[in-house]
Amino acid sequence: MQVSSDDGTNGADFETATTGGDQMELRLWLRMLTCTNLIETEVRQQLRRQFGITLARFDLLAQLARAPKGLTMGQLSKRLMVSNGNVTGLISRLEGEGLVERQVAPHDKRAQIVRLTERGDQAFSNMLPAHSAWIRQLFGNLDPDDVLRLMNLLAKLKSNLPGRESDA
């Protein structure tokens with residue numbers, strides 16, 4: 001993304017405007033963070049504009065859509081990388097809207113299993129094609145070989161990071 005500025009960068013990205021002595025790893029981190037933030041901001045705006053839903057709610061619905069038998073609150077917290085309290089609040093609001101339901105887990109009466117309701121499944125199914133189209137558009141300037149190469153490089157990076165999830 002080109003950034004116009006008066007800081008002497010001549011329109012280059014801020015992360016590449018660092019001096020030659022800067023570490024390439026730092027510049028890469030800043031580039032990745034910038035791209036992530038720009039993509040996330042666009043997706044948040046589109047979800048809010050077209051469906052009146054937050055990214056957090058969409059992400060929770062997406063996790064439940066991938067697990068038809070449901071997930072425990074702890075599993076949702078882990079998958080979404082947020083606290084149990086955050087998940088509890090989201091679930092309560094989505095349950096109030098009829099999009100999810102909670103049931104006592106048969107294997108542990110202290111745990112709750114959260115599932116999409118039929119209404120929740122339909123709502124998510126309605127959002128998914130638009131979400132997929134936004135992502136395709138945002139990555140549209142990359143050809144399939146670029147996407148594959150980037151995926152492989154990020155997988156290599158992820159495999160060495162602390163706290164990584166094997167199935168994420």
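A residue counts as partly exposed when its relative accessible area falls between the buried range, under 20%, and the exposed range, over 50%. The structure described here is a predicted model. With a relative accessible area of 22%, Asp108 is therefore partly exposed. Its salt-bridge partner is Arg110, and the closest N and O atoms of the pair are 3.1 Å apart. Arg110 has a relative accessibility of 77%, so Arg110 is exposed.

The structure holds five salt bridges in total. Among them is the pair of Arg44 and Glu40, with a distance of 2.5 Å between the closest N and O atoms. Both residues belong to helix 1, which covers residues 24-51. They sit four residues apart there, so about one helical turn separates them. Arg44 is partly exposed, at a relative accessible area of 40%. Glu40 is partly exposed too, at 30%. Another salt bridge brings together the side chains of Arg102 and Glu95, at 2.8 Å from N to O. Arg102 has a relative accessible area of 23% and is partly exposed. Glu95 is also partly exposed, with a value of 31%.

The strands come next. Strands of a sheet pair through backbone hydrogen bonds, and the pairing may be parallel or antiparallel. In this model, three strands form an open sheet in the order 1-3-2, and the pairing is antiparallel. Strand 1 and strand 2 are the edge strands, since each pairs on one side only. Strand 1 spans residues 71-72 and pairs with strand 3, residues 108-116, over two bridges. One of the residues involved is Leu71, whose bridge partner in strand 3 is Val114. Strand 2 spans residues 100-105 and pairs with strand 3 over six bridges. Here Val100 has Leu116 of strand 3 as its bridge partner. Strand 2 and strand 3 also form a hairpin, with two residues between them. Helix 4, residues 84-96, lies across these two strands. Helix 4 runs at about 120° to strand 2.

The largest nonpolar core has 26 residues. Leu60, Leu61, Leu64, Leu76, Ile91 and Val100 touch the most other members of this core. Two or more core residues come from each of helix 1, helix 2, helix 3 (73-80), helix 4, strand 3 and helix 5 (118-138). Helix 2 gives the largest share, six residues.

Is Arg57 buried or exposed? The cut-off for buried is under 20% relative accessible area. Arg57 has a value of 16%, so Arg57 is buried. Beyond four places in sequence, Arg57 touches Leu90, Arg93, Leu94 and Glu97.

Thr117 lies in the loop between strand 3 and helix 5. Thr117 has a relative accessibility of 15%, and therefore counts as buried. Which residues does Thr117 touch, not counting those up to four places away in sequence? They are Gly98, Leu99, Val100 and Glu101. Thr117 and Leu99 are 18 residues apart along the chain, yet their C-alpha atoms are separated by 5.4 Å. The side chain of Thr117 reaches the backbone oxygen of Gly98 at 2.5 Å.

Note on methods
Residues are numbered from 1 along each chain as its sequence is written. This is a predicted model: local features need pLDDT of at least 70, side-chain atom pairs count only at pLDDT 80 or more; totals for chains, interfaces and linings use all residues. Side-chain values use heavy atoms; hydrogens and water are left out. Buried means under 20% relative accessible area, exposed over 50%, partly exposed in between (1.4 Å probe, protein chains only). Contact means heavy atoms within 4.5 Å. Two strands pair if DSSP finds at least two bridges between them. Axes are lines fitted to C-alpha atoms, for helices over the stretch in contact, and angles run from 0 to 180 degrees between N-to-C directions. A salt bridge is a side-chain nitrogen of Lys or Arg within 4 Å of a carboxyl oxygen of Asp or Glu. A nonpolar core is a set of buried Ala, Val, Leu, Ile, Met, Phe, Trp, Tyr and Cys residues joined through side-chain atoms within 4.5 Å. A polar contact is a pair of N or O atoms within 3.5 Å; within protein, one must be able to donate a hydrogen and the other to accept it, and residues adjacent in sequence count only if both atoms are side-chain atoms.
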